[in-house]
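The sequence and structure come first.

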Amino acid sequence: MTVQEEPQDLLRVRNLSMSFALSKGFLGRVHSTVDANADVSFTVKESETLSVVGESGCGKTTLGRCIVGMYRPTGGSVEFRGEDGRFVDLVPLSTAEMKPYRSQIRMIFQDPFSSLNPRMSVLELIGEPLRIQRGMSGRPLEDRVVELLERVGLPGSYAQRYPHAFSGGERQRIGIARALALNPRLVVADECVSALDVSIQAQVLNLLGEIQKEFGIAYLFISHDLTVVRHISDRVAVMYAGTLVELADVKALFDRPMHPYTQALLSAAPRPVPGARGKSRRIRLEGEVADLANKPSGCLFHPRCRHARDRCKVDAPALRAMPDGRTVACHFAEEIAQTPASDV
Ligand SMILES: Nc1ncnc2c1ncn2[C@@H]1O[C@H](COP(=O)(O)OP(=O)(O)OP(=O)(O)O)[C@@H](O)[C@H]1O
Ligand code: SF4
Ligand SMILES: [Mg+2]
């Protein structure tokens, strides 16, 4: 009999905060700060897909960028399990100290080429991390790029071409090949299929699934598309106004959302129409998203919450563990979860 081992934690994010200073005037005085992430804690396990959902501006991209080291968080820690099994906090590391982790944690973007030089060939684009991180060049570099192209379902001859010549789906495959080049253990995918037509989305998602199985990669999958999230996730983290409000196994979250924000998000999500083509839409809920430069008191969701009571205006709810293993930040989650779906 084989004993199924529990997957180990790969990433532990603890009390992560990221505030941006907003300045104005030619002296650049700071006149306010935007708390894009506030006190966010969660873990990502080896080889799992943890999705992060929430309305536009709730801090998903900022969270991803803090994890891959594009932003240095203003508080908290991002602990990554090294090859030796020990956790290292990446936040205080210098650029040189961060180098070994940069190859293990990679990011895929919505448009993989928006921030890259359009005059670079596919060989240069996919080869860049191999050249910089591994010092590869010449024939070995070319061979590795061709191997990566073939792994993502593209012909090796594409190496000599330029990205503008490709369709959205092909460009995203090239972005995936670039992310895969250094054999990462964690990939942060930020809205990586959102700009693609539904049929192409499915192909790219299948590719990500195959790669995950083959290489045991964990994904932090940032998306506003709940249909995709339901399909591909092991667990789902729901963010509101820079904070985590619920984190649960995917089935538990969709079958029985407990936080009023999760409930509203699920009920507002556009239902998939069988056979429909086209791009998915952003979620719209009633009321304004909390202003991160001027946050409400107490529970950040209280101005929009149909269950809010006096306590909610003064007392910010902490994340609490529920008997089924999920965590929820709402004072009245157990009671509210009993509310019939039609009343949500
Ligand atoms: N570099 C920055 N400087 C100042 N404010 C920023 C910066 N990046 C993000 N913000 C602010 O932080 C908040 C969170 O933004 P973020 O892009 O992380 O949200 P998001 O959940 O990814 O949204 P979307 O779904 O639209 O991609 C927003 O209020 C945004 O204006
Ligand atoms: S704590 Fe209060 S305002 Fe916040 S989600 Fe729960 S019921 Fe709504
Ligand atoms: Mg974003």
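Reader: On what kind of model do the answers rest, and at what pLDDT do side-chain atom pairs count?
Author: Residues are numbered from 1 along each chain as its sequence is written, and chains are lettered from A and ligands numbered from 1 in the order in which they are written. Side-chain values use heavy atoms, without hydrogens and water, and the model is a predicted one, in which totals for chains, interfaces and linings use all residues, local features need pLDDT of at least 70, and side-chain atom pairs count only at pLDDT 80 or more.

Reader: Into which domains is the chain divided, and how far apart are the C-alpha centres of domain 1 and domain 2?
Author: The bounds come from an automatic or database domain assignment. Domain 1 covers 9-22 + 33-256, and domain 2 covers 257-270 + 280-344. Their C-alpha centres are separated by 27 Å.

Reader: What area is buried between domain 1 and domain 2, and which residues of domain 1 lose the most?
Author: Buried area is the accessible area (1.4 Å probe) that two parts lose on being put together, summed over both. Between domain 1 and domain 2 it comes to about 2700 Å², with carbon and sulfur atoms giving 56%. On the side of domain 1, 28% of what is buried belongs together to the residues that lose the most area to domain 2: Glu 55, Tyr 240 and Arg 256.

Reader: How many salt bridges cross the interface of domain 1 and domain 2, and how many residue pairs are in polar contact there?
Author: A salt bridge requires a side-chain nitrogen of Lys or Arg within 4 Å of a carboxyl oxygen of Asp or Glu, and three are found across this interface. A polar contact is a pair of N or O atoms within 3.5 Å; within protein, one must be able to donate a hydrogen and the other to accept it, and residues adjacent in sequence count only if both atoms are side-chain atoms. With both residues at pLDDT 80 or more, the number of pairs in polar contact across the interface is 15.

Reader: Is Leu 10 buried or exposed, and what is its relative accessible area?
Author: Leu 10 is placed in strand 1, residues 9-24, where strands (E, at least two residues) and helices (H or I, at least four) are DSSP runs numbered from the N terminus. Contact means heavy atoms within 4.5 Å, and, not counting residues up to four places away in sequence, Leu 10 touches residues including Val 44, Phe 80, Phe 87 and Arg 185. The C-alpha atom of Arg 185, 175 residues away along the chain, is 8.3 Å from that of Leu 10. Buried means under 20% relative accessible area, exposed over 50%, and partly exposed in between (1.4 Å probe, protein chains only), so Leu 10 is buried, at 0%.

Reader: With which side chain does the side chain of Ser 77 make a polar contact?
Author: Ser 77 belongs to strand 4, residues 75-81, and is buried because its relative accessibility is 10%. Beyond its neighbours within four places in sequence, its contacts include Arg 12, Asp 89 and Val 91. At 3.0 Å, the polar partner of its side chain is the side chain of Glu 79.

Reader: What is the phi of Glu 191, and where is Glu 191 found?
Author: Most residues other than glycine have a negative phi. Glu 191 is not a glycine, yet its phi is positive, about 50°. Glu 191 counts as buried because its relative accessibility is 6%. Its place is the loop between strand 7 (186-190) and helix 6 (198-215).

Reader: Why are Asp 310 and Lys 313 separated by about one helical turn, and how far apart are the closest N and O atoms of their salt bridge?
Author: Asp 310 and Lys 313 are about one turn apart because three residues separate them in helix 10, residues 310-314. Asp 310 is exposed, with a relative accessible area of 63%, whereas Lys 313 is partly exposed at 43%. The closest N and O atoms of their salt bridge are separated by 3.9 Å.

Reader: Which residues are linked in a network of salt bridges?
Author: The count of salt bridges comes to 22. One of them joins Asp 255 and Lys 251 at 2.4 Å, N to O, and both residues lie in helix 8. The residues linked in a network are Glu 46, Arg 81 and Arg 185.
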